[in-house]
Amino acid sequence: MGSLLIDNVTKSFGETDILKGINIDIQDGEFLILVGPSGCGKSTLMNIIAGLEDATSGTLELAGKDVTLASPKDRDIAMVFQSYALYPTMNVARNISFGLEMRKVPKEERDRIVNEVAKLLQIDHLLDRKPSQLSGGQRQRVAMGRALARSPRVFLFDEPLSNLDAKLRVEMRTEIKKLHKRLGTTIVYVTHDQIEAMTLADRIAVMKDGIVQQLGTPDEIYNNPANMFVAGFMGSPPMNFIEVDIKEGQAVVESAGETHHLKLPCAEAIAAKGLDRVVLGIRPEMITEPKPAPEDQDWLHSMKLDFDVVEPMGADTMAIGQWNGIDVHSRLSPKAGMTAGAGTEVQVNTAKAVAFDIQTGERIC
Amino acid sequence: MVANRSFNLGRLFIYGCLLAFALFYLAPLYVMLTTSFKDIEEIRSGNLLALPQDPTLYAWIKAWSSACTGSECQGLAPFFMNSVKIVVPAVILSTVIGALNGYVLSKWRFRGSDLMFGMLLFGCFIPFQVILLPMARLLAELGLANTVTGLVLVHVIYGVAFTTLFFRNFYVSVPTELVKAAQLDGASFFQIFRHIFLPVSLPIFTVTIIWQFTQIWNDFLFGVVYSGPGTQPITVALNNLVNTSMGGKEYNVDMAAAVIAALPTLLVYIFAGKYFVRGLTAGAVKG
Ligand SMILES: Nc1ncnc2c1ncn2[C@@H]1O[C@H](COP(=O)(O)OP(=O)(O)OP(=O)(O)O)[C@@H](O)[C@H]1O
Ligand SMILES: [Mg+2]
């Protein structure tokens with residue numbers, strides 16, 4: 001019904017290449033999240049999928065049919081714009097039903113759908129208001145309602161929650177997740193919010209400079225990043241990157257004036273490439289206070305770390321020290337009662353540590 | 001206390017100036033109106049600024065229905081109707097075309113649309129006199145010389161540059177995402193115009209219609225050049241009336257005729273002027 005194949009799509013505005021060959025295969029009913037830095041071409045890609053902009057080259061298939069040249073109307077795609085784009089002169093009810101009206105759905109049917117959608121989004125008491133008389137969160141829901149009223153083949157959401165306060169954002173996120181479960185419609189969703197990306201996605205596409213850097217499940221993106229960009233983009237605070245020498249398959253790290261040799265899961269791959277210096281990537285949550293980790297017994301190292309800064313964040317405490325003269329973030333339990341100071345005893349778990357090529361930033365293993 | 005007094009003096013000065021200017025501008029209108037209600041005896045003997053001692057409608061009736069404009073003596077009435085026949089279609093057509101042009105040039109850009117807009121803008125700066133001869137040629141070729149249709153055509157062509165500019169600049173401030181949203185909702189080019197753009201367009205329609213109405217009603221040059229004996233607009237007839245002297249000069253009739261010719265634009269300003277100002281500033285304030 002709503003599978004979407006984006007095949008080698010490029011887009012140039014004049015001389016500038018914005019999209020440089022995008023390939024994404026989206027399954028029917030899949031929830032795909034697009035992330036990437038500002039200006040990398042996410043909205044442009046959404047507009048191309050919707051048919052609001054023409055691709056410079058490449059093809060687009062919707063439910064197995066080539067729609068590269070089809071008009072937006074014929075694609076049967078609904079989009080929630082980042083700016084809501086509500087029709088200012090129409091009341092909420094008309095905003096929601098306008099798409100149905102244009103598609104010649106009879107009046108009674110329209111009224112029924114509007115009421116249904118409004119109830120679902122809890123905006124049924126607002127139906128007579130104009131968009132200017134609504135709060136941001138209410139406008140957001142009207143924009144959603146306009147898309148939902150139509151039951152299209154694909155939903156496109158372009159940063160739909162970015163203007164909401166933290167609490168409302170969490171609420172709406174849950175609503176969207178429930179909605180997707182219930183309707184099973186294909187969704188492509190742009191966000192800058194990592195938690196949104198990790199919690200909602202079936203798969204995540206990480207974009208940079210008009211290229212998909214990696215396309216995979218949240219777990220793959222987080223634990224098996226394809227390169228330093230992806231590794232650094234997901235996770236907050238991001239993965240620690242430290243340039244290290246490799247000696248006998250182990251990473252040499254200097255911390256608090258002592259030298260340590262860390263065992264790496266990918267020693268062979270590094271050796272096979274004959275590298276003696278790599279970028280070690282290790283997530284903050286792998287540097288903790290000493291605690292039992294039975295399944296990773298072989299990968300634990302204990303060392304001293306000088307903490308310059310300790311930031312309690314409620315559920316965790318972030319602490320910043322230095323390895324080889326570079327800042328490393330560690331995520332500690334508040335119960336450990338850590339304070340800033342020299343020579344704090346920490347435990348380093350390298351079971352999931354990764355290594356990147358210094359030159360290319362590509363993952364070695 | 002001192003600050004307060006100087007403030008009051010400043011106020012006094014400003015209001016004084018405003019009053020003086022208002023009087024200065026209103027004086028001719030006052031003279032026109034009072035003179036038009038006097039009889040010719042009173043004009044000869046009396047004071048220019050005095051109120052009419054024995055007000056009479058004689059001059060108005062004569063100006064409207066029997067004053068001579070050249071060889072004919074039917075008053076201004078037929079020419080008033082000519083002007084209406086020219087102004088109404090010309091205003092409607094140029095406004096509608098301008099609205100559609102503005103809609104396309106702001107929201108449906110195509111290759112060369114900016115160039116096109118630039119050239120249209122250029123049309124605003126072409127002086128009337130430059131196009132007189134070529135336009136006369138064109139009208140003759142089209143068989144429209146000396147016709148009302150021909151005059152309507154000239155005014156529409158000349159007016160479209162301005163109306164397009166007005167609408168284009170107004171519609172630029174309508175978010176483009178509304179167009180995209182409506183496209184996804186399945187609305188067509190004209191449906192988007194009708195349902196999204198028309199409902200927000202009242203201010204700019206008011207401005208454009210008032211502007212075009214005054215321009216075309218007050219036009220003299222095109223009227224005198226492209227009209228025939230039976231199709232002259234009121235401005236041309238007024239000129240002829242004032243210049244036709246049979247016997248003595250009847251200033252009261254001239255004045256009444258001038259007021260009649262100016263009345264429609266005056267009324268438009270009095271009744272719609274505040275919408276005009278509001279419309280001109282509407283784009284400046286968001287929402
Ligand atoms: N109509 C256009 N003409 C020229 N350049 C454009 C046009 N639209 C977008 N761009 C450029 O294309 C690039 C990608 O824009 P796009 O809006 O897709 O970014 P994005 O990934 O959605 O960013 P954000 O996260 O900030 O929304 C930007 O550098 C932008 O300047
Ligand atoms: Mg964007």
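In chain A, A:Arg112 forms a salt bridge with A:Glu109, and their closest N and O atoms sit 3.2 Å apart. This comes from a predicted model. The two residues are 3 apart in helix 4 (residues 107–120) of chain A, so about one helical turn separates A:Arg112 from A:Glu109. As for cover, A:Arg112 is partly exposed, with a relative accessibility of 43%, and A:Glu109 is partly exposed too, at 33%.

Helix 6 (residues 166–183) of chain A holds another such pair: A:Lys178 and A:Glu175 are 3 residues apart there, about one turn of the helix. They form a salt bridge whose closest N and O atoms are 3.5 Å apart. A:Glu175 counts as partly exposed because its relative accessibility is 27%, which falls between the 20% limit for buried and the 50% limit for exposed.

Another salt bridge links B:Asp185 with A:Arg150, the closest N and O atoms being 3.7 Å apart. B:Asp185 lies in the loop between helix 8 (176–184) and helix 9 (189–197) of chain B, while A:Arg150 lies in the loop between helix 5 (136–148) and strand 7 (154–158) of chain A, so this pair joins two chains. Both B:Asp185 and A:Arg150 are buried. They also belong to a network of salt bridges that takes in A:Asp76. Over all chains, the count of salt bridges comes to 20.

Turning to the overall build of chain A, there are 10 helices and 21 strands. The C-alpha trace of chain A spans about 75 × 45 × 35 Å along its principal axes. Chain A has 365 residues, and 50% of them count as buried. Its accessible surface is about 16300 Å², with 49% of that belonging to carbon and sulfur atoms. Among contacts in chain A with a separation of 6 or more, 68% are between residues 24 or more positions apart.

One piece of chain A is an open sheet of 3 strands, in the order 15-20-16, with antiparallel pairing. Strand 15 (287–288) and strand 16 (300–307) of chain A are the edge strands, each pairing on one side only. Strand 16 of chain A runs antiparallel to strand 20 (residues 341–349) of chain A, and 7 bridges join them. Within strand 20 of chain A, A:Val346 is the residue that stands opposite A:Met303. In general, the strands of a sheet pair through backbone hydrogen bonds.

Over on chain B, a nonpolar patch lies on the surface, formed by B:Leu26, B:Leu29, B:Leu33, B:Leu263, B:Leu266, B:Leu267, B:Ile270 and B:Phe271, with about 720 Å² of accessible area together. Helix 1 (2–36) and helix 13 (251–282) of chain B are the elements that give two or more residues to the patch. Helix 13 of chain B supplies the largest share, 5 residues. B:Ile270 has its place in helix 13 of chain B, and counts as exposed because its relative accessible area is 58%, over the 50% cut-off.

Finally, a word on confidence. The predictor gives the complex an ipTM of 0.80 and a pTM of 0.82. Chain B has a mean pLDDT of 89, and 94% of its residues reach 70 or more. Over residues 283–287 of chain B, though, pLDDT stays under 50, and the model has 0 contacts beyond four places in sequence for them. Where pLDDT is low, the predicted coordinates should not be read in detail.

Key. Residues numbered from 1 in each chain as written. Chains lettered and ligands numbered in written order. Predicted model: local features only at pLDDT ≥ 70, side-chain atom pairs only at ≥ 80, totals over all residues. Heavy atoms only, no water. Patch = residues over 30% accessible without salt bridge, like charges linked within 9 Å, V, L, I, M, F, W, Y side chains within 5 Å. Areas by Shrake-Rupley, 256 points an atom, 1.4 Å probe, with all protein chains shown as cover. Salt bridge = Lys/Arg side-chain N within 4 Å of Asp/Glu carboxyl O. Helix = DSSP H or I, 4+ residues; strand = E, 2+ residues; numbered from the N terminus. Buried < 20%, exposed > 50% of the residue type's maximum accessible area, 1.4 Å probe, protein only. pLDDT = per-residue confidence, 0-100. Contact = heavy atoms within 4.5 Å. Pairing = 2+ DSSP bridges.
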